[in-house]
Amino acid sequence: MSQQPLPPPSALNLDNIQGDILSGLPKKTQTYFFFQITDARLFRSQLVEFTPLVKTVAQVIKDRKAIDDHKRKGDKTLITMVGVNIAFSHKGFAFMGIDDANLTKTETIFEMGQKKDAQSLGDKGTTVGSEFVPDWEPEFLQDIHGVILVSGDSHGTVNKKLQQVKEIFGLAQGPNKSSIKAVTSIVGDVRPGKESGHEHFGFLDGISNPSVIGFDKDPNPGPKPVPAGVLVTGHEGDPVATRPAWAVDGSFLTFRYLFQNVPEFDKFLKDHPVPLPGLTPEEGSELLGARFVGRWKSGTPIDISPFRDDPELAADPKSEEGFCHRNNNFRFQAEGSFQKICPFAAHVRKTLPRADLEDLPPNGISIQKNRIARRGVQFGPEVTKEEKLTGKTIHGRGLLFACYSTSIVNGFAFLQKSWANNPTFPPESATEVPGLDPLIGQGQRKLSGTDPNNPSFELTLPDFVVPRGGEYFFSPSLKGLRETLAVAA
Ligand code: HEM
């Protein structure tokens with residue numbers, strides 16, 4: 001296959017890149033439809049009809065402008081909108097007869113699949129013979145060849161589009177006519193009312209995602225923009241120097257099915273308020289939650305406003321007044337090797353350590369290659385009265401975690417294994433062991449730094465987030481779909 005020379009940074013072809021990668025498909029609801037291919041030749045011929053449905057970055061930009069214009073008119077209704085994207089696992093490429101050696105040569109975990117990587121991610125499970133079987137939902141223990149993402153304004157719009165997709169692959173005509181078999185479908189929904197944009201523990205999410213050089217024209221103040229190749233294959237910053245034409249303008253998609261024990265989380269905060277003089281127990285509990293995440297529920301970074309929430313600042317990505325008045329413009333820099341302001345193990349410090357590594361003596365360590373574009377959505381109902389009262393989860397809920405990068409090894413897997421699960425990360429603390437990321441850390445779940453006046457005090461935590469499935473995928477370009485994967489019958 002021909003190898004593509006790297007295009008210059010300005011040459012991002014937005015008509016060739018799937019929309020979720022750089023822009024995030026607009027969504028109030030999103031269905032992940034996981035499938036196995038049963039007839040490769042038929043499936044590849046049906047891709048000819050499917051591919052025009054795939055929404056590109058250029059189309060998402062237009063959609064977002066239409067949404068903004070609609071909102072500006074003061075109209076509170078939602079525009080009917082739907083977006084489809086697709087991605088394949090290594091097993092899917094192999095089943096279709098596509099040589100993906102260029103993808104697997106540096107990404108052995110993509111080749112293995114996430115189920116085989118689960119033990120090293122720290123997921124719980126049992127060893128049967130020589131095989132580790134994670135405690136996942138049974139569907140995710142099966143082979144998954146691909147996932148189709150359908151996002152939109154309402155269940156009605158999404159279901160209608162999904163039905164059209166199923167018809168293309170013959171699923172509506174019964175198993176003998178179809179080229180694929182459904183493994184499972186998971187529906188995610190943005191939370192209702194003022195919780196919109198907040199994950200189930202209550203914290204505003206999706207504030208900090210990488211700005212991309214050559215794409216984001218006016219990035220908000222905050223972490224340095226990344227070269228496009230950190231997120232899109234075949235561009236400067238891609239860890240692989242050459243890609244076959246079909247693998248250019250794509251991205252690896254990591255999916256994780258993460259359940260959140262929300263009533264247990266809330267009860268834990270209530271039972272362990274930070275004992276800071278002058279705070280009520282409720283305020284102490286709120287502070288503990290903020291120190292777990294590194295942001296208040298509103299999104300205010302505790303590195304900027306450590307002991308009280310500041311919703312005005314949270315809502316401000318960019319104001320010019322005052323250096324710090326921006327919701328992503330902080331570096332954990334003032335602290336040096338201390339954690340009075342923000343615990344070393346706080347979720348946002350573990351997953352983007354900013355000055356902790358960038359300013360590490362003698363020369364600093366770049367974290368550009370470890371950036372990921374997160375595109376998750378919530379699933380499951382709001383906490384019920386009974387769950388609140390008992391402090392126990394009855395109904396499953398959590399995060400359909402999804403992120404893109406040109407390397408899963410440097411991206412998601414590195415963040416989970418080398419940072420979140422690593423008690424001695426970040427490394428600059430001389431006296432205190434940071435402990436695990438209190439949200440997603442797997443292993444001996446304890447952390448220090450929750451009490452600003454007693455930073456070496458360690459808190460032992462129950463599981464708040466439980467992984468119940470996942471897979472590693474590659475989301476190819478439109479050209480790749482049209483010219484390599486799809487084959488006219
Ligand atoms: C249920 C599980 C999770 C919850 C509840 C959660 C929640 C949050 C929240 C509230 C934020 C702050 C908002 C923001 O900065 O955008 C955040 C940021 C972030 N999370 Fe998670 N997250 C979860 C899983 C993960 C996983 C599995 C990873 C990767 C291994 C991850 C990586 C990140 C990153 C990279 C950031 C941005 C850090 C920054 O740029 O400052 N999260 N998360």
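Colleague: Which protein atom is the donor to the iron atom of the ligand, and how far away is it?
Modeller: The iron has a single donor from the protein, NE2 of His347, 2.1 Å away, where donors are N, O and S atoms within 2.8 Å of the metal (3.2 Å for Na, K and Ca), and since water is not among the atoms, sites may look incomplete. Please keep in mind that this is a predicted model, in which local features need pLDDT of at least 70 and side-chain atom pairs count only at pLDDT 80 or more, while totals for chains, interfaces and linings use all residues. Residues are numbered from 1 along each chain as its sequence is written, and side-chain values use heavy atoms, with hydrogens and water left out.

Colleague: Where does His347 lie?
Modeller: His347 lies in helix α12, residues 347-351; helices (H or I, at least four residues) and strands (E, at least two) are DSSP runs, numbered from the N terminus.

Colleague: New topic: at what angle do the axes of α7 and α15 cross?
Modeller: The axes of α7 (residues 114-121) and α15 (residues 412-420) cross at roughly 25° and come within 10 Å, with each axis being a line fitted to C-alpha atoms over the stretch in contact, and angles running from 0 to 180 degrees between N-to-C directions. The two helices, α7 and α15, are therefore roughly parallel, as angles under 35 degrees count as roughly parallel, over 145 as roughly antiparallel, 65 to 115 as roughly perpendicular and the rest as oblique.

Colleague: And which residues make the contact?
Modeller: From α7 there are Asp117, Ser120 and Leu121, and from α15 Phe412, Ala413, Gln416 and Lys417, with contact meaning heavy atoms within 4.5 Å.

Colleague: Is Thr254 buried or exposed?
Modeller: Thr254, which lies in strand β9, is buried, with a relative accessible area of 1%; buried means under 20% relative accessible area, exposed over 50% and partly exposed in between, using a 1.4 Å probe and protein chains only. Leaving out residues up to four places away in sequence, Thr254 touches several others, including Gln114, Phe412 and Tyr472.

Colleague: What about Leu12, where is its place?
Modeller: Leu12 sits in the loop between β1 (3-4) and α1 (19-22), and Leu12 is buried as well, with a relative accessible area of 11%. Among the residues that Leu12 touches, not counting those up to four places away in sequence, are Ile17, Phe215 and His235.

Colleague: Last one: which residues of helix α9 are buried?
Modeller: In α9 (residues 262-271) they are Val262, Pro263, Phe265, Phe268 and Leu269, and what covers them includes β9 (251-260), α10 (281-293), α14 (385-390) and β14 (458-460).
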